[in-house]
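Here is a brisk report on one predicted model. It covers the disulfide and then the strand pairing.

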Amino acid sequence: QVQLVESGGGLVQAGGSLRLSCAASGRSFSRYGMGWFRQAPGKEREFVTYIAWSGGGIYYADSVKGRFTISRDNAKNTLYLQMNSLKPEDTAVYYCAADPSSSRRFDYWGQGTQVTVSS
């Protein structure tokens, strides 16, 4: 079992930056693949980015490629999402999720943090 707590969301103007964090409990974080997802109002949750347990195996949705960067600090049990050049369409609740089997199947989810980008 792992618990995930996101932080770092907020209101930012278009073109600005935010850094999200996801703090994980438990001793297994370093063995889990991790992902970020987002859900905008009235839309389905969508994949944003993924990072393997080793810090490699990084994937991005086309919509964020070149603007967002995922990283992790296994010593601190923390996942990060650096978001630059933010656009109004990035407005959503952002969730981190844990993939214990490294199969891109996410068994644990955080409660989400709101990101709002104003135009």
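A disulfide is a pair of cysteine sulfur atoms within 2.5 Å. With 60° about the S-S bond, the link between Cys22 and Cys96 is right-handed. Cys22 lies in strand S3 (residues 18-24) and Cys96 in strand S9 (residues 92-99), so the pair links distant parts of the chain, 74 residues apart. Strands here are DSSP runs (E, at least two residues), numbered from the N terminus.

The model is predicted: local features need pLDDT of at least 70, side-chain atom pairs count only at pLDDT 80 or more, and totals for chains, interfaces and linings use all residues. Residues are numbered from 1 along each chain as its sequence is written, and side-chain values use heavy atoms, with hydrogens and water left out.

**The disulfide**

How many disulfides does a search of the whole structure find? The search finds one. The sulfur atoms of Cys22 and Cys96 are 2.0 Å apart. Are these cysteines buried or exposed? Cys22 is buried, at a relative accessible area of 0%. Cys96 is buried too, with a relative accessible area of 0%. Buried means under 20% relative accessible area, exposed over 50%, and partly exposed in between (1.4 Å probe, protein chains only).

Two strands pair if DSSP finds at least two bridges between them. Four strands form an open sheet in the order S1-S3-S8-S7, with antiparallel pairing. Strand S1 (4-7) and strand S7 (68-73) are the edge strands, and each pairs on one side only. From one strand to the next, the twist averages 15°. The axes behind such angles are lines fitted to C-alpha atoms, for helices over the stretch in contact, and angles run from 0 to 180 degrees between N-to-C directions. S3, the strand of Cys22, is a member of this sheet.

Strand S11 spans residues 113-118. Its covered face holds Thr113, Val115 and Val117. Gln114, Thr116 and Ser118 make up the uncovered face. S11 pairs with strand S2 (residues 10-13) in the parallel sense. S11 is also joined to S9, and those two run antiparallel. Cys96 sits in S9.

| Strand pair | Sense | Bridges |
|---|---|---|
| S7 and S8 (residues 78-83) | antiparallel | six bridges |
| S2 and S11 | parallel | four bridges |
| S9 and S11 | antiparallel | three bridges |

Individual partners can be named. Ser71 has Tyr80 in S8 as its bridge partner. For Leu11, the bridge partner in S11 is Thr116. For Val93, the bridge partner in S11 is Gln114.
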